[in-house]
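Me: I am new to this structure and would like to talk it through. Could we look at it together?

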Amino acid sequence: MFKLTRRDACHTYEGEKRLHLTPLGNLPGVTTILGATSGRGFSQWRKDNPVEAQRTRDRGIEWDRAIRAYWERSELSSGHIWDLGYSVASTMSPVVWEHQVYSELGFSGSIDLLCEWDGLTLVDWKTSTKRKTPSQITDYFLQISAYSFALKELDKIKIDRASIIVLSESESVPQVFDLDWDMIGYFFSKFEDRLNDYYRMR
């Protein structure tokens, strides 16, 4: 069984911006970078739908807590989203979860899960109200590709695949979107464009 010691993330703030504390300095997180370079669409939606936006954030935070309790203490929570998540989590052999990664390119983040799951797989959990299509989750692909490259750079681990797992309130089974290494490379190049935009904006 492959093993990796978890590297916990620590954060600081510069104004309203949350940064990751790393040996390379205080670095912006991947989600911060993507949020700052995503255009007005999503930020405008949050302004127009504050109640649903808050519910969405709360749902994601609750799932993060639930899956951590599952991995650490085998605790189960009840609810449709949780049942969907546990149905696939029970088929995985975790290596490490909530593991910090960072890159000399100037970004950081915390991976949700590295596991043995038909090969060494990097997993990013997402919760949703409705079913997603690939075109709706491009930023998710950029995010997990950035994590994949940082994991390879920092821990010398080249994964077999990256998987976005969407737990939707409207679906009876989880949606799984897999990326092989060629696809990871493609989306990472797109992330690098956004990373460059982020530093130009600053």
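**Cysteines, helices and cores**

Reply: Cysteine 115 is buried, because its relative accessible area is 0%. Please keep in mind that this is a predicted model.

Me: And cysteine 10, buried or exposed, or in between?

Reply: Cysteine 10 has a relative accessibility of 43%, so it counts as partly exposed.

Me: How many disulfides are there in the whole structure?

Reply: A search of the whole structure finds 0 disulfides.

Me: Now the helices. At what angle do helix 5 and helix 6 pack?

Reply: Helix 5 covers residues 138-155 and helix 6 covers residues 181-201; they pack at an angle of about 100°, and their axes are 8 Å apart. The two helices are therefore roughly perpendicular to each other.

Me: Which residues make that contact?

Reply: From helix 5, the contributors include Phe141, Leu142, Ser145 and Phe149. From helix 6, they include Trp181, Ile184, Phe187, Phe188 and Phe191. The residues of this contact of helix 5 with helix 6 divide into 9 nonpolar, 4 polar and 4 charged.

Me: Let us take phenylalanine 187. What does it touch beyond its neighbours within four places in sequence?

Reply: Phenylalanine 187, which lies in helix 6, is in contact with Thr138, Phe141, Leu142, Ser145 and Leu179, leaving those neighbours aside. Its relative accessibility is 13%, so phenylalanine 187 counts as buried.

Me: How many residues does the largest nonpolar core have?

Reply: That core has 33 residues, and Phe107, Leu114, Ile159 and Phe191 have the most contacts inside it. Among the elements that each supply at least two residues of this core are helix 1 (30-36), strand 5 (107-116), helix 5 and helix 6.

Me: What does leucine 114 touch, not counting residues up to four places away in sequence?

Reply: The contacts of leucine 114 include Phe2, Leu4, Val95, Leu122, Leu151 and Ile159, with those residues not counted.

Me: What does the second core include?

Reply: The second core is separate and has 20 residues, including Tyr70, Trp71, Val123 and Leu167.

Me: One last topic: how many residues of helix 4 are buried?

Reply: In helix 4 (residues 80-89), 7 of the 10 residues are buried, so this helix is largely enclosed by the rest of the structure. The buried residues are Ile81, Trp82, Leu84, Gly85, Tyr86, Val88 and Ala89.

Me: And what covers the buried residues of helix 4?

Reply: The cover includes helix 3 (50-73), strand 6 and strand 7.

Terms used:
Residues are numbered from 1 along each chain as its sequence is written. This is a predicted model: local features need pLDDT of at least 70, side-chain atom pairs count only at pLDDT 80 or more; totals for chains, interfaces and linings use all residues. Side-chain values use heavy atoms; hydrogens and water are left out. A disulfide is a pair of cysteine sulfur atoms within 2.5 Å. Buried means under 20% relative accessible area, exposed over 50%, partly exposed in between (1.4 Å probe, protein chains only). Axes are lines fitted to C-alpha atoms, for helices over the stretch in contact, and angles run from 0 to 180 degrees between N-to-C directions. Helices (H or I, at least four residues) and strands (E, at least two) are DSSP runs, numbered from the N terminus. Angles under 35 degrees count as roughly parallel, over 145 as roughly antiparallel, 65 to 115 as roughly perpendicular and the rest as oblique. Contact means heavy atoms within 4.5 Å. Ala, Val, Leu, Ile, Met, Phe, Trp, Tyr, Cys and Pro count as nonpolar, Asp, Glu, Lys and Arg as charged, and the others, Gly among them, as polar. A nonpolar core is a set of buried Ala, Val, Leu, Ile, Met, Phe, Trp, Tyr and Cys residues joined through side-chain atoms within 4.5 Å.
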